[in-house]
Amino acid sequence: MAEWYDAYAYDVLVIGAGGAGLRAAIAARAAGASVGLVCKSLLGKAHTVMAEGGIAAALGNVDPQDSWEVHFADTMRGGQGINDYRMVEIFAKEAPERVYELERWGGLFDRTPDGRILQRPFGAHTYRRLCHVGDRTGLELIRTLQDTVVHSGVDVHMEITLTRLLTDAERIAGAFGYRREDGRYVLFRAKAVVLATGGWGKVYKVTSNSWECTGDGCAMAYEAGAELMDMEMVQFHPTGMVWPPGVRGILVTEAVRGEGGILRNARGERFMERYDPKKMELSSRDVVARAIYREVQEGRGTPHGGAHLDISHRGPDFIKKKLPSMYEQFLKLADIDITRSPMEVAPTVHYVMGGVRVEPGTGATTVPGLYAAGEVAAGLHGANRLGGNSLSDLLVFGKRAGEHAARYALGLATAPRADDGQAAEERALLARPFERDTGENPYQLHEELQEVMSQNAGIARTGDGLAEGLQKVLALQERAERLRSAGSMLYNPGWHECRDLRFMLTLCEAIFRSAIVRTESRGAHWRLDYPDQDPEWGRKNVVVRRANGEMRVGTRPVPPMPAELARLLEARA
Amino acid sequence: MSDGGSRGTAVEARPEQARWEAAPPGPRAVATFQVFRGDRTGGELRAYQVPVTEGMVVLDAIHYIQHHLDSTLACRWNCKAAKCGSCSAEVNGRPRLMCKTRVDEFGGQPITVRPIKVFPLIKDLVTDVSWNYRVNKEIPPFAPAPGDAGPWRMHPEDVERLFEFRRCIECFLCQDVCHVLREHRGTDRYYGPRFMVRIAALEMHPKDTASREELLHGKGGIGYCNITKCCEEVCPEHITITDNAIIPLKERVADAFYDPWRALLRRLRGRKEPRGT
């Protein structure tokens, strides 16, 4: 056999090693499948590690009135009704068991005085619901899963970027890409693939996301024929750092507000009184982000264009115990002692609610054998995600996707055949930037793309701005045909950026096309030219798929809720 | 809104910020970065001129070089907020996280950035840290009693003392400065401080039932640590690695292998209590 790539074969290939990928790998292995797990970075460094505030699950340890029904209603309301209620129901019911399971695997959370898992309040959660450990819950989650996965018989492949899903006719057959440390191409033959590749916040300039969040998985799925949904729904977290310039966008956890932090404008006014007098700082993220945006737009912003977030009234001991990494982060990076002074914060792109459309219970995409879980999958969060719901999402749907992928793989009568021709095609695409002496600098293009996204698909949108943004993205796509890279395939970030950029450009086109279609304001999607919610749009999800090489946009009906679940929403309205 | 008097009661004056506004850095302030470039076959320091911005960290400078001067410069990074532990390097000879190392700290002196020394070089600032992952796999995982399925009640104090160990972000800076690993090339006989912290977190977990004393005494090589505390000095998470992890583990091993009566006594009193506390 031609040996221009390293080859591996598994029943199930899991792409991505954040919370969802790790949980999926554990589940698929437990179901009897052989499993390969591919990390884009080192194991344990995935973006989940940055999650801070907590895991939402209705344990009722602090507020015994809490229940899955209330969590269900809060999540549906947070998503403004366009979530898939079937996913939300599964999610709210299974989240508690997934948290207890973490504890059985060695994870440690803050405790109540009587020794149970402590829960903190968070935006738009009716009760105190977030299981947490200080402000480093994501680290605890990922370390616990990481230490479980390495003893579960899963093969871990680190620092590999997969750039193409391989198919055998319709079915998934594996994936192809490259390994950083030796610059080799790699090909994974697999009967089933679980995408757990996270989001694509890196298409924006001001974001809490790491370099990895370029949406490879979503774009690969799209290229393989999968349907995407809710791509217009991009979450702006209300509180990112704003100063100094190098840290702009780094997350300031919602736990600051959960623990009593107060937002004020430059005049010292507690402005949330005007936007959500009931929930105040703990309103949902879309509402708080818009409020800060408005304060700045109307001239009441802080010197660097944000708001003040003050927790100093809770005292140094409390702050250092409950928010240690925030304390350290501001002290070291911004010269601010948050036990004495307020933080300066502004909205930052944090999360994408949209992604690959999946079957609610299994994570199956529209491509046979391809599954998706976590941020890359759409449907659970609708138009706005509640804080804390992401970590439980990863666990609940990571497990389900892993199990169902294993079941599918082990049940196949004939194994799919990974096509060398597809791999060779992808190799040609990957190698192109080396074949030019002159061409576009990928970093330059990325910066221009980020500028377009911030200007034209930001927190406040208009039809004209979106149309203009789409044209700009299409122009950038053309220029991306002429990307150039120097050097070799050995650990070459400029070269890596070339392929990442193509993925990002595809997803940005989907964001614009979807956002243009949704002529209303809902959740994170705020149209200045359509400032109100339109009940018609409340019954539709925007979907995108590739047909004849072109991006097609359509809609699907939101699955109607059965009466007994709809009543839960009314009961708490 | 300018920094007028209207903030009065709500927001205190912040001298730090006032300084930024009063004295923005000169627009063309430039710093020289000497960055190691090379691979397994060899390499050298290369100089780059990088414009300095307010509050800039070393990782910002590396990114500037990648974006504007040489896109082939290899380094690891993820979160840029000291939470993932990817961007470890030796800055002016000291193991640091580049995302947390401020450029203004060096007062305009040239800044030298090299890869961490203890692990084999891959390219530029990237080293092969896979040994750490192999070690981690050798450590018996968390093992609660069979059938003890929870939900568990655990005393806050019993759990909170482990938080320090669980804070570890696996930047491996402690491994880089450990004398046993660095000067004596001792990766074949000592797991290094990172994994003493890992084992301490397991051994002191109130629900764990496994014993790792034999491993510590044998392959883990805890006896090689002579408590110079260099690991603690470089830990970006300020974990008290020697006093809180290594010394209690050393005492356990000493009891188990040289003072079986005390080991038995400790077992009877509830073996998960760390000694000496």
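Predicted model: local features only at pLDDT ≥ 70, side-chain atom pairs only at ≥ 80, totals over all residues.
Student: Where do Glu170(B) and Arg143(A) lie?

Tutor: Glu170(B) is in the loop between α4 (156-166) and α5 (173-177) of chain B, while Arg143(A) is in helix α4 of chain A, so the pair joins two chains.

Student: And how many salt bridges are counted between chain A and chain B?

Tutor: Between chain A and chain B the count is nine. Another example has Lys100(B) meeting Glu328(A) through their side chains, at 2.7 Å from N to O. In general, side chains of opposite charge can pair when their charged atoms come close.

Student: Which elements of chain A supply residues to the side that touches chain B?

Tutor: At least two residues each come from α3 (85-104), α4 (137-149), β13, α10 (324-334), α13 (442-456) and α15 (493-517) of chain A. Helix α10(A) gives the most to that side, with seven residues. By class, the side of chain A that touches chain B has 30 nonpolar, 22 polar and 26 charged residues.

Student: How many residues are in contact, and what area do chain A and chain B bury?

Tutor: Contact involves 78 residues of chain A and 71 residues of chain B. The two chains bury about 6,400 Å² between them, and 56% of it is on carbon and sulfur atoms. In chain A, the residues that lose the most area to chain B are Lys45(A), Leu108(A) and Tyr491(A), together 10% of what that side buries. The interface of chain A and chain B also has 36 residue pairs in polar contact, with both residues at pLDDT 80 or more.

Student: Changing topic: what is the strand order in the open sheet of four strands in chain A?

Tutor: The order is β11-β14-β13-β12 in chain A, and the pairing is antiparallel. Strands β11 (234-241) and β12 (262-264) of chain A stand at the edges with a single partner strand each, so one side of each has no neighbour in the sheet. From one strand to the next, the twist averages 45°.

Student: Which helix packs on that sheet?

Tutor: Helix α8 (residues 285-297) of chain A does, touching β11, β12, β13 (307-310) and β14 of chain A. The direction of α8(A) makes about 55° with that of β11(A).

Student: How many bridges pair β11(A) with β14 of chain A?

Tutor: Six bridges pair β11(A) with β14 (residues 343-352) of chain A, in the antiparallel sense. Within this pairing, Gln235(A) stands opposite Tyr351(A) in β14(A).

Student: Now chain B: does β1(B) pair with β5 of chain B in the parallel or antiparallel sense?

Tutor: Strand β1(B) pairs with β5 (residues 111-114) of chain B in the parallel sense, over three bridges. Val35(B) stands opposite Val113(B) in β5(B). By contrast, β1 (residues 30-39) and β2 (residues 42-51) of chain B pair in the antiparallel sense over 10 bridges. A hairpin of two residues joins β1(B) to β2(B), and Thr32(B) has Gln49(B) in β2(B) as its bridge partner.

How values were computed
Residues numbered from 1 in each chain as written. Chains lettered and ligands numbered in written order. Heavy atoms only, no water. Pairing = 2+ DSSP bridges. Axes fitted to C-alpha atoms, helices over the stretch in contact; angles between N-to-C directions. Contact = heavy atoms within 4.5 Å. Buried area = accessible area lost by both parts, 1.4 Å probe. Salt bridge = Lys/Arg side-chain N within 4 Å of Asp/Glu carboxyl O. Polar contact = N/O pair within 3.5 Å; in protein donor to acceptor, adjacent residues only side chain to side chain. Nonpolar A, V, L, I, M, F, W, Y, C, P; charged D, E, K, R; others polar.
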